[in-house]
Amino acid sequence: MSESDFDDSQAYFAAIAESYDRLQPVVVGPAYQAGLDFMLELIPHGPDDAFVCVELGCGTAVLAEGVLERFPAARCIAMDNEPAMLEIAGKKLAAHGDRAEVRMAEAATAEMPECEVVLSSFVLHHVPPEDLPGLLGRTAAALTSGGCAIILDTMEAGPRWGEQIGAASGHLYRAHVQAAIASGRATQDEIDGRWAFKRKMKEEGRDVEHSHSAGDIMAAMSVAGFDEVGLVWRQFAFTIVMAFLRP
Ligand SMILES: C[S@@+](CC[C@H](N)C(=O)[O-])C[C@H]1O[C@@H](n2cnc3c(N)ncnc32)[C@H](O)[C@@H]1O
């Protein structure tokens, strides 16, 4: 799969949707799966609890699927603004019947359904700083008392920090990609093609990313009304922030 195998008449996430589940854990690096797995561990509910979980910017709904499998009495609402991603998410979650719902939703304006848990992975870097307070405010307002939000994303401290962390983690990343190639999960051409496509889409302004520090996000969550906000996991820039409302 080369750069030209991605359809650039589409939006970035529409073009990569079909190969997303196979390539994303390779392209992002070892922290992708480790972070998602740890988010599921952090959900503050027992296996038989009935609760509603919203996955914001669900993509192919990897997290929602994990929640529905681990918590048989839970319901999940998976939200995203990309139809191609939602189509895959909908097919994946269909096995869970009316415990799962997918919704088209724009993070900057979406109505958040009432819920006990909000999960969001690798989405806030697509949200401009000026939209963060509104989004996090609507998130806090949607949560029932005692509810929590668990957010995973790359959170950098600045360009020099990012460069240094990138260099220091490079050998782990390369070993991860080589292991995926050796196992037959992906080819070097596919990985190179995906990075080249991402660079092109960024240059054309069609894959816009924003750099938020962990401090920015935690401060915005406190202002949004969360009572306890803390950083719970970090691998280089990959960071999980967890925040609770008072019971
Ligand atoms: C990097 S993917 C992450 C998907 C999934 N959460 C994961 O961890 O694999 C970012 C997702 O956020 C969605 N997204 C980006 N900007 C968004 C916005 N403003 N509103 C809603 N969804 C958005 C994209 O369509 C995409 O599915």
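## Helices lying across the sheet

Two residues are in contact if their C-beta atoms, placed from the backbone, lie within 7 Å. In this predicted model, helix 4 (residues 62-70) lies across strand 1 (52-56), strand 2 (75-80), strand 3 and strand 4 (115-121). The direction of helix 4 is at about 180° to that of strand 2. Helix 5 (residues 83-93) lies across strand 2 and strand 3, and runs at about 175° to strand 3.

Is Ala-64 buried or exposed? Ala-64 is buried, because 29 other C-beta atoms lie within 10 Å, and 20 or more is the cut-off for that label. Setting aside neighbours within four places in sequence, Ala-64 is in contact with Glu-55, Cys-58, Cys-76, Ala-78, Leu-93 and Ala-100. Ala-64 and Ile-77 are 13 residues apart in sequence, and their C-alpha atoms are 7.7 Å apart in space.

Seven of them form an open sheet with mixed pairing, in the order 3-2-1-4-5-7-6. Strand 3 (100-104) and strand 6 (228-235) stand at the edges; each has a single partner strand, so one side of each is left without a neighbour in the sheet. From one strand to the next, the twist averages 15°.

Within the sheet, strand 5 (residues 143-154) pairs with strand 7 (residues 238-244) in the antiparallel sense, over seven bridges.

## Helix 2 and its surroundings

Two packed helices are described by the angle between their axes and the distance between the axes. For helix 2 (residues 20-28) and helix 8 (residues 188-203), the axes come within 11 Å and cross at roughly 80°. Helix 2 and helix 8 are therefore roughly perpendicular to each other. By class, their contact has four nonpolar, no polar and two charged residues. On the helix 2 side, Leu-23, Val-26 and Val-27 take part, and they meet Glu-190, Ile-191 and Arg-194 in helix 8.

Which residues of helix 2 are buried? They are Pro-25, Val-26 and Val-27. What covers them includes helix 3 (30-42), helix 7 (159-182) and helix 8. Just after helix 2 comes Gly-29, with a positive phi of about 115°.

## Two phenylalanines with positive phi

Most residues other than glycine have a negative phi. Phe-122 has a positive phi of about 55° although it is not a glycine. Phe-122 is found in the loop between strand 4 and helix 6 (132-142). Phe-122 is partly exposed, because 18 other C-beta atoms lie within 10 Å.

Phe-236 also has a positive phi, of about 55°, without being a glycine. Phe-236 belongs to the loop between strand 6 and strand 7, and counts as partly exposed because of its 18 C-beta neighbours inside 10 Å.

## Around the ligand

How many residues are around the ligand? There are 19, of which Gly-57, Gly-59, Glu-82, Ala-107 and Ser-121 come nearest. Sorted by class, the shell has ten nonpolar, six polar and three charged residues.

Terms used
Residues are numbered from 1 along each chain as its sequence is written. This is a predicted model: local features need pLDDT of at least 70, side-chain atom pairs count only at pLDDT 80 or more; totals for chains, interfaces and linings use all residues. A residue is near a molecule or strand if its C-beta atom, placed from the backbone, lies within 6 Å of it. Ala, Val, Leu, Ile, Met, Phe, Trp, Tyr, Cys and Pro count as nonpolar, Asp, Glu, Lys and Arg as charged, and the others, Gly among them, as polar. Axes are lines fitted to C-alpha atoms, for helices over the stretch in contact, and angles run from 0 to 180 degrees between N-to-C directions. Helices (H or I, at least four residues) and strands (E, at least two) are DSSP runs, numbered from the N terminus. Angles under 35 degrees count as roughly parallel, over 145 as roughly antiparallel, 65 to 115 as roughly perpendicular and the rest as oblique. Two strands pair if DSSP finds at least two bridges between them. A residue is buried if 20 or more other C-beta atoms lie within 10 Å of its own, exposed if 12 or fewer, and partly exposed in between; C-beta atoms are placed from the backbone.
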